[in-house]
Each structure stands twice: as structure tokens, then as C-alpha cells.
Amino acid sequence: KKFNGEWNDLDLGSEVNYVKAGELMNRFSFLGHHPEDSPHYTQERIQLFDMWKLLKGEQNNSVSRRNMRVFILSLLNVYDEIWAPKLGQSAYTSPKLDFHPSTAELHSSAK
């Protein structure tokens, strides 16, 4: 619920560029606030670019808003399934991420 509220408040068009993708990952705390000369900053930028390539952003110069949302939800799902139970928090059932290379689209399906 919290994610949906925050997501709906974002001023996004139908496509997300690389800079906006980085801002989204930062907003949802998947990137830290490290100085540019930090090894953590470099590693996070490598992971951000890997994500960008996976979502075909490099090929298309953007990622659809929908695919970005599904990707972030899949990352949140990993947190809920792996870390929440270890921290004594309740996990919820959320979508599974499926990537279709032929169409460069992400689809979610209930578990």
C-alpha cells in the first residue's frame, strides 16, 4: 500500500530515462548516498547500469513506466521473502517477475 501511494505521487511520464531510473532506485532506498569516490558508489552504479541493460533501457533509450514499476515491486518481493521473516516481520505474497526477452517486457504473476 505504501509503495502504491508513493508510486502514484511520482511525476512520471509513460517512459523512464536512465537518470530518472537512478532517482527512483534512490527514492526507494535501493541506492545509498555515497560520495562519488566511494567503492560503494561505483558498485551501485554498476548494478544500476546492469538493471538498465536488463530492462532494455540501453537499447530503447528508456524503460516503460510499467516495467520499472514491476521491477521495483520484484525487488521489494525479494526483501519480503528473504529479510522480513529473519527480522521477525510478516511477509506478504506479491508478484513474481517474468522477463520476456523477445518483447523486452516484464510481467508479474501471482505465486
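Modeller: Leaving aside neighbours within four places in sequence, methionine 68 is in contact with Trp7, Val16, Ala21, Leu24, Met25, Met51, Leu55 and Val63. The model is a predicted one.

Biologist: What makes these count as contacts of methionine 68?

Modeller: Contact requires heavy atoms within 4.5 Å. Trp7 and Met51 are among the residues that meet this for methionine 68.

Biologist: Which residues touch the most other members of the largest nonpolar core?

Modeller: That core has 19 residues, and those touching the most other members are Trp7, Leu24, Met25, Phe28, Met51, Met68 and Ile72. Two or more residues come from each of α1 (2–9), α2 (18–27), α3 (39–54) and α5 (65–86). Helix α5 gives the most, with four residues.

Biologist: Why is asparagine 67 called buried?

Modeller: Its relative accessibility is 6%, and buried means under 20%. Asparagine 67 is therefore buried. This residue lies in helix α5.

Biologist: How do you know that the side chains of asparagine 67 and arginine 66 make a polar contact?

Modeller: The distance is 3.1 Å, and the cut-off is 3.5 Å. Residues adjacent in sequence count only if both atoms are side-chain atoms, and this contact joins the two side chains.

Biologist: What share of the chain is buried?

Modeller: Buried residues make up 30% of the 111 residues.

Notes:
Residues numbered from 1 in each chain as written. Predicted model: local features only at pLDDT ≥ 70, side-chain atom pairs only at ≥ 80, totals over all residues. Heavy atoms only, no water. Buried < 20%, exposed > 50% of the residue type's maximum accessible area, 1.4 Å probe, protein only. Core = buried A, V, L, I, M, F, W, Y, C linked by side-chain atoms within 4.5 Å. Polar contact = N/O pair within 3.5 Å; in protein donor to acceptor, adjacent residues only side chain to side chain.
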